[in-house]
Amino acid sequence: MQDNKVDVVTLGESMILFQSYNQGALQYEPLFTKSLAGAESNVAIGLSRLGKKVRWVGRLGSDPFGDLVLTTLAGEGVDVSHALRDPEAPTAVYFKDFKRCGDPAVYYYRKGSAASRLAPDMIDETWLQGAGHLHVTGITPALGEHTAAAVRKLMELAREKGLTVSFDPNLRRKLWSEEQARETLLSLIPLCDIFMPGDEEAEFLLGPQEIEAYGRAFLDMGPKVVAMKLGAEGSIGFTQETVVRADPFPVERLIDTVGAGDAFASGLLSVLLDRREELSTGLGEESLHEALCRANLLGSMATQFKGDWEGLPTLAEVRTIQGGQKQVTR
Ligand code: KDG
């Protein structure tokens, strides 16, 4: 019999990413590399490399780019057997413009994509079959008319079925208005157990406050754990019982910041999912610190490679790095 068990299910839009081959400005660059992108599939790959079984669900066009998304994810060990194809709408693409080092500008071509047509009546219980955890982001709700309702339905279904749920707000200002974004993202927080905002997202959602006040405010909305990314300051985690800070992991060569938040999510979840018992009874300080440290490490590694997920490490690599050993390369 086939083993249907997966640690994590994630739902989202995956796209094809074109990046200039020479790191030059988009307007003048004649050559591009082609790769996969999408916050949830980045997390899926990150977790898979860390030894978790992951299922990615999403809608893709019936086109070669949709095929490329599936073969790339399958090649990374992610289960894509529940992915949907739409013969009438395309797989989205996006471009990165490396005008300066680190933080590229992104240009989306995703309006009317197959994923933007996701609606609540397409949510299928079997996506969650055999799964312990659901991970979603605030990007999917921004994509189309019915995508927010669809994400809400899946989060509710996951909770009903006893799965834990994580939510990264992943604010994408280019995709929706500030009012819509704020209202929708705030409304989804009570449906998650683990909430992972960045400090700027916290400010966007709640207005200017002290970092610790953000933590308390989000916990009051329902999540059991709030893990906040503080950029160069590392990260801070909150539960009802404790507040834990974790130092940043050094970045030796900043290349591309896109995907760092997803890397953080993979690192954090990989540890927390090994502590499921503790998650329900109250996560201890040590576990939270370990999760934040691994999250910081992955976030840092993601920024040191071109591409949204290519630099993510395997579990063996994480252990080598955290053990302070040098990797044997030749
Ligand atoms: O978090 C990184 C992702 O956002 C990226 O891989 C794709 O920009 C993207 C998006 O909006 O999904």
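Modeller: The model is a predicted one, and the reply below should be read accordingly. In strand β2, 6 of the 6 residues are buried, so the strand is largely enclosed by the rest of the structure. Burial extends to both faces of β2: M15, L17 and Q19 are buried on one side, and I16, F18 and S20 are buried on the other.

The setting of β2 is an open sheet of 4 strands, in which the order is β3-β2-β7-β8 and the pairing is mixed. Within that order, β2 is joined to β3 by 6 bridges in the antiparallel sense, with L17 placed opposite S35 of β3. The pairing of β2 with β7 is parallel and comprises 4 bridges; here I16 has V93 of β7 as its bridge partner. In general, strands of a sheet pair through backbone hydrogen bonds, in either a parallel or an antiparallel manner.

Beyond β7 (residues 93–97), the sheet continues to β8 through 5 bridges, and these two strands run antiparallel. D97 stands opposite A105 of β8 in this pairing. The edges of the sheet are formed by β3 (32–37) and β8 (105–109), each of which pairs on one side only. On average, neighbouring strands of the sheet are turned by 25° against each other, direction ignored.

Turning to the nonpolar cores, the largest contains 47 residues, and W56, L73, I194, L268 and L292 are those with the most contacts inside it. Helix α9 (residues 285–302) gives the most to this core, namely 8 residues. Apart from this core lies another, of 46 residues, including L157, V165, F204 and L230. When neighbours within four places in sequence are left aside, the contacts of L292 are A227, S235, I236, G237, V244, A246, F264 and L268.

F204 also takes part in a contact between two helices. Helix α4 (residues 178–188) packs against helix α5 (residues 199–206) at an angle of about 100°, and their axes are 9 Å apart. Angles of 65 to 115 degrees count as roughly perpendicular, and α4 and α5 are therefore roughly perpendicular to each other. From α4, the contact involves E178, A181, R182, L185 and L186, while α5 contributes F204, L205 and L206. By class, this contact of α4 with α5 has 6 nonpolar and 2 charged residues, and no polar ones.

Definitions and conventions. Residues are numbered from 1 along each chain as its sequence is written. This is a predicted model: local features need pLDDT of at least 70, side-chain atom pairs count only at pLDDT 80 or more; totals for chains, interfaces and linings use all residues. Side-chain values use heavy atoms; hydrogens and water are left out. A nonpolar core is a set of buried Ala, Val, Leu, Ile, Met, Phe, Trp, Tyr and Cys residues joined through side-chain atoms within 4.5 Å. Buried means under 20% relative accessible area, exposed over 50%, partly exposed in between (1.4 Å probe, protein chains only). Contact means heavy atoms within 4.5 Å. Two strands pair if DSSP finds at least two bridges between them. Axes are lines fitted to C-alpha atoms, for helices over the stretch in contact, and angles run from 0 to 180 degrees between N-to-C directions. Angles under 35 degrees count as roughly parallel, over 145 as roughly antiparallel, 65 to 115 as roughly perpendicular and the rest as oblique. Ala, Val, Leu, Ile, Met, Phe, Trp, Tyr, Cys and Pro count as nonpolar, Asp, Glu, Lys and Arg as charged, and the others, Gly among them, as polar.
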